[in-house]
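Keep the viewer open as you read.

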Protein chains: 4
Amino acid sequence: MAKPSTLDLAGIFPALTTPFADDGSLALDSFRANLARYDRAGLAGYLVTGSTGEAVLLDREELERVWGAARDAVRSDKILIAGAGAESTGEAIARVNRVAALGYAAALVVTPSYYKAAMNAEALVEHFRRLADAARIPLLLYSVPQFTGVAIDAAVAGALGEHPNVIGMKDSSGNVQRVTEILASVPPDFQLLVGSAGTLFPSLALGAVGGVLALACALPEACLRLYRAAREPDPGLARVLQQQLLAANRILVSRHGVPGLKYAMDRLGYYGGPPRPPLLPVGAAARHEIDAALASLGQSAASPR
Amino acid sequence: MAKPSTLDLAGIFPALTTPFADDGSLALDSFRANLARYDRAGLAGYLVTGSTGEAVLLDREELERVWGAARDAVRSDKILIAGAGAESTGEAIARVNRVAALGYAAALVVTPSYYKAAMNAEALVEHFRRLADAARIPLLLYSVPQFTGVAIDAAVAGALGEHPNVIGMKDSSGNVQRVTEILASVPPDFQLLVGSAGTLFPSLALGAVGGVLALACALPEACLRLYRAAREPDPGLARVLQQQLLAANRILVSRHGVPGLKYAMDRLGYYGGPPRPPLLPVGAAARHEIDAALASLGQSAASPR
Amino acid sequence: MAKPSTLDLAGIFPALTTPFADDGSLALDSFRANLARYDRAGLAGYLVTGSTGEAVLLDREELERVWGAARDAVRSDKILIAGAGAESTGEAIARVNRVAALGYAAALVVTPSYYKAAMNAEALVEHFRRLADAARIPLLLYSVPQFTGVAIDAAVAGALGEHPNVIGMKDSSGNVQRVTEILASVPPDFQLLVGSAGTLFPSLALGAVGGVLALACALPEACLRLYRAAREPDPGLARVLQQQLLAANRILVSRHGVPGLKYAMDRLGYYGGPPRPPLLPVGAAARHEIDAALASLGQSAASPR
Amino acid sequence: MAKPSTLDLAGIFPALTTPFADDGSLALDSFRANLARYDRAGLAGYLVTGSTGEAVLLDREELERVWGAARDAVRSDKILIAGAGAESTGEAIARVNRVAALGYAAALVVTPSYYKAAMNAEALVEHFRRLADAARIPLLLYSVPQFTGVAIDAAVAGALGEHPNVIGMKDSSGNVQRVTEILASVPPDFQLLVGSAGTLFPSLALGAVGGVLALACALPEACLRLYRAAREPDPGLARVLQQQLLAANRILVSRHGVPGLKYAMDRLGYYGGPPRPPLLPVGAAARHEIDAALASLGQSAASPR
């Protein structure tokens with residue numbers, strides 16, 4: 001069945017960080033300031049309260065405040081997506097329909113993961129079907145095994161891709177073979193967004209429509225440059241830019257996580273600020289490593305505007 | 001530094017399930033009925049809202065209701081422990097001190113786990129130290145890598161074992177070598193409780209003081225029988241009972257999880273009831289397998305009283 | 001330092017199977033018949049006695065006979081590569097120089113792997129450096145973690161890529177992110193061959209020069225078609241062909257291994273024959289699955305000529 | 001069916017190292033000197049050419065020489081076991097019957113492992129059955145997943161335990177839960193030997209009859225002391241000795257492998273000597289760590305006699 005949605009997800013979406021003040025409270029003014037700057041960069045839209053947004057460290061009232069702040073601050077031509085998954089199917093439905101009421105274009109719903117061994121294909125399909133049946137906005141499935149220990153494979157994506165309310169997925173596994181298999185299993189209007197800057201070019205070559213990228217919080221222009229080279233297509237340029245972004249992603253995101261990314265944002269004129277415990281700020285060695293990575297990307301990528 | 005607490009955790013604690021009615025709401029009357037029956041079995045106490053209690057599927061208000069119901073129902077000579085961990089350090093502190101206010105003897109605090117790669121020794125020690133400094137009741141660390149992907153190793157346990165407010169830990173890894181190493185690293189008054197019925201006897205032989213066991217929800221007497229044989233010590237009997245309990249645990253708990261355990265409880269005269277989605281009730285094949293496992297344990301273990 | 005070798009490895013190399021007669025002995029006539037048919041397909045050359053060649057199941061005298069048979073049978077314009085690795089550095093040197101003496105163009109040398117924990121970067125670099133210093137023909141490193149549990153990462157490849165006698169590597173990990181990182185770490189004349197048909201297109205897009213593929217034993221034309229579409233570049237066609245080949249590779253190679261591949265070869269007019277124990281011939285269910293996979297690839301790919 | 005063999009494997013067997021001279025050749029005089037000293041320690045017998053014996057780094061002719069040297073040097077009341085496994089079923093049969101002809105009491109046969117995914121229960125049972133049918137001496141199965149990536153589980157052990165010529169197994173997995181399950185699945189006269197000093201006491205408590213231990217090459221007396229405390233039973237002493245041996249085993253064997261063990265042997269008056277490449281001698285940091293571990297075990301364990 002064709003998707004009723006006309007939402008076109010082609011392009012780059014930063015997976016936004018959630019700014020905190022030094023006392024640990026939400027720093028929504030800084031959040032708005034970051035968004036104002038991102039709005040000038042040519043991005044397709046934004047993901048709020050995803051893994052990079054430290055959503056699992058926010059309570060329900062804080063989630064509301066972040067959702068509202070983004071909704072009020074973002075330009076109307078940008079696509080707004082909210083991370084709205086939860087361990088419990090009922091809680092996930094409640095969150096999805098809350099962001100629907102707030103005017104979000106789509107919700108990103110992560111696999112439940114605490115009871116890993118129970119999250120087999122049958123349980124995942126059932127969970128997401130209930131969600132999709134109840135949701136008042138389109139859903140994007142979210143597979144991020146490095147955090148959850150649970151991956152959405154091609155069989156699950158294929159079964160859910162038939163649902164008119166499941167318009168696509170974010171695959172952050174970094175597994176290009178799985179991307180190939182998923183794209184072979186879903187309808188042509190199912191939109192796959194890659195969730196790791198390290199595999200953006202090959203994933204686009206294989207049919208992904210875009211990326212939802214933590215790295216784009218710090219380096220939106222560099223991510224867009226690679227996206228455009230891949231879509232051109234200019235494989236020679238894309239290859240070189242992909243090598244650069246993979247190296248940067250390894251250090252800023254894979255190795256040093258949200259704290260590393262926030263530090264890089266601070267260095268580049270965004271508000272990064274402290275992570276929330278149990279995440280710890282990066283130490284001196286990590287800062288040095290990140291500084292070197294940014295320097296090697298050169299002025300055009302790494303300097304504040 | 002010696003522990004100020006005189007809490008003696010020797011013995012068997014069931015990791016209680018949380019009963020739900022068919023409409024998905026809490027079934028607290030059934031919870032109380034289960035507790036009344038457990039109170040006659042010779043158990044040392046109870047853990048509520050742990051992994052087996054589907055705590056990650058309860059909202060904050062439901063947690064309160066379960067904590068209150070157990071507190072009111074349980075005999076005063078039983079040790080009550082509440083699962084009170086959270087991804088965020090701040091939320092975990094709030095939960096621990098809430099169960100302290102409700103009169104719980106101790107809180108079990110699981111490792112944060114979403115940002116797995118960041119949960120290195122430094123971050124874990126820092127998280128638990130902040131908790132232990134702020135907590136108004138003693139803490140038990142909780143390592144359950146099959147759910148979290150994060151394990152507490154001997155170095156982390158050793159560093160935290162010095163804190164006067166960390167009186168022990170529950171290790172559910174099933175890794176007996178790690179139990180040996182942890183016990184070599186902590187002070188003598190640090191109490192290790194094993195979290196898996198499959199390794200109860202060898203863990204007790206190595207110095208663990210007891211167990212916090214999902215299997216004890218369905219088979220409290222069998223777990224107690226093994227505990228006593230191990231403490232006697234009667235190694236010949238303990239060996240045979242351990243083989244039986246490991247086999248039962250594989251099927252009821254490891255393979256079929258909370259839904260399998262709840263089904264077994266229903267079969268044995270307790271209230272098991274449905275799991276909460278995304279957990280699905282066990283199907284016909286699993287029910288058959290569990291029935292066979294209970295039958296092979298014989299009347300004395302498996303028949304309702 | 002530039003490579004003295006002018007060996008151009010661009011193209012597709014089947015990782016040849018080793019034919020056995022029903023009594024378990026080498027079936028070299030069938031081996032030659034397969035080679036005669038492959039010689040007409042437009043392949044760049046051949047790998048003998050690799051993982052697909054069941055090299056670990058051959059004794060030293062059998063290896064000699066296979067090396068000699070291939071050398072005598074293959075057309076002179078085809079590049080002949082021999083798998084010549086061994087657990088022991090000394091034995092690997094002996095094998096490499098033996099195939100050198102037989103006239104092989106290059107040797108493929110797998111990582112030692114029995115003492116996995118000891119095969120860190122230092123040990124791997126030292127092992128391959130000694131080999132490269134002693135070898136009288138150019139070397140290709142071989143990383144195949146699904147068999148060995150040991151992977152060659154970008155740091156090791158980068159260190160060895162400087163050696164004039166290491167002209168490239170075969171990466172069978174299926175990890176496209178690693179391919180990107182390796183290509184960013186090696187000199188421009190270091191030739192990367194992908195070892196899995198499932199990631200041929202994205203690897204070529206990222207700069208690999210070709211593939212050494214088990215699947216090409218059964219489906220050389222289909223592999224060549226994808227190779228050419230990727231080199232054109234015709235990304236739309238390459239994407240479709242890649243999805244088809246990944247599906248075929250999953251079934252014939254990943255799931256059913258050498259026995260599955262040999263069965264498919266039998267079905268397509270090559271000599272597959274039995275695997276050598278402990279490998280077991282595929283059963284009825286696997287044969288049915290492979291038949292269906294071949295049928296779905298259509299006449300042009302799957303029918304004998 | 002009862003085992004025809006009357007071989008009683010109760011006790012401690014060192015998994016002997018293979019001494020090499022500085023030029024890399026076999027140092028059989030040193031091998032004999034080590035054996036003469038071991039013969040005075042109260043060990044049950046010896047395993048030659050196992051994983052610790054660097055068997056995968058020896059060629060066939062060297063294996064013969066080691067087998068012969070041990071056969072000639074060892075006291076007649078000691079049980080001699082030879083590692084005789086191979087990737088190919090046929091080669092394993094040949095090796096087993098060669099050591100049978102040399103007078104070995106039993107052969108230890110490791111799981112084939114290169115084609116890991118194919119080594120399912122069916123293939124393992126078939127491989128070992130063919131071996132057991134053809135072997136002229138009793139067999140011990142060998143499960144060592146840290147080297148092979150393949151484990152023998154309870155179902156495979158149970159199926160093979162019925163064979164009259166399979167008298168037991170060496171389980172080096174360090175997984176005590178698996179030991180429990182295996183012992184529940186095999187006939188009472190099937191003898192399980194644990195392959196890791198780190199789990200000797202709990203494994204003996206659960207019904208293992210002894211150990212085949214790398215650590216016993218350096219510390220035979222300490223291993224025997226733990227064995228006797230466990231058999232007494234003296235659980236309090238066994239617990240303390242187990243903690244000490246696990247700590248030593250972690251450093252000498254798990255962390256630094258055969259090179260670490262050989263260094264420790266050199267320090268304790270045995271001949272350790274260099275490992276064979278690709279294994280590298282331990283560096284200064286490892287030597288320091290091993291020295292400290294030996295010192296912490298005290299004079300009685302660590303000083304040369």
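Start with chains A and B, where 32 residues of chain A touch 32 residues of chain B, contact meaning heavy atoms within 4.5 Å. Before going on, a word on what you're looking at: this is a predicted model, with local features needing pLDDT of at least 70, side-chain atom pairs counting only at pLDDT 80 or more, and totals for chains, interfaces and linings using all residues. Residues are numbered from 1 along each chain as its sequence is written, chains are lettered from A and ligands numbered from 1 in the order in which they are written, and side-chain values use heavy atoms, with hydrogens and water left out.

Back to A and B. Together they bury about 2,600 Å², and carbon and sulfur atoms give 68% of that; buried area here is the accessible area (1.4 Å probe) that two parts lose on being put together, summed over both. On the chain A side, the residues that lose the most area to chain B are A:Tyr114, A:Tyr115 and A:Pro278, which together account for 29% of what that side buries.

How are these two chains related?

Now turn to chains A and C. This contact takes 21 residues from each of chain A and chain C. The buried area is about 1,900 Å², with 59% from carbon and sulfur atoms. In chain A, the biggest losses of area to chain C fall on A:Gln177, A:Leu206 and A:Gln243, together 28% of what that side buries.

Chain A superposes on chain C by a rotation of 180° with 0.0 Å of shift along its axis (RMSD 0.0 Å). That is the relation of a two-fold axis. A:Pro202 is the residue of chain A that comes closest to this rotation axis, its C-alpha lying at 2.6 Å. Here too the same surface serves both copies, with 100% of the contact residues of chain A recurring in chain C.

Which chains does no contact join? Chain A and chain D are one such pair, their closest C-alpha atoms being 18 Å apart. Chain B and chain C are likewise not joined by any contact, and their closest C-alpha atoms also lie 18 Å apart.

Now for the helices. Two packed helices are described by the angle between their axes and the distance between the axes. In chain A, helix α10 (residues 235–255) packs on helix α11 (residues 257–267) at an angle of about 120°, with the axes 6 Å apart. The axes are lines fitted to C-alpha atoms, for helices over the stretch in contact, and angles run from 0 to 180 degrees between N-to-C directions. Helices themselves are DSSP runs (H or I, at least four residues), numbered from the N terminus. α10(A) and α11(A) are therefore oblique to each other, since angles under 35 degrees count as roughly parallel, over 145 as roughly antiparallel, 65 to 115 as roughly perpendicular and the rest as oblique. From α10(A), the residues A:Leu252, A:Val253, A:Ser254 and A:Arg255 meet A:Gly257, A:Gly260, A:Leu261 and A:Ala264 in α11(A).

Technical notes
Helices (H or I, at least four residues) and strands (E, at least two) are DSSP runs, numbered from the N terminus. Copies are superposed by least squares on the C-alpha atoms of residues with pLDDT of at least 70 in both.
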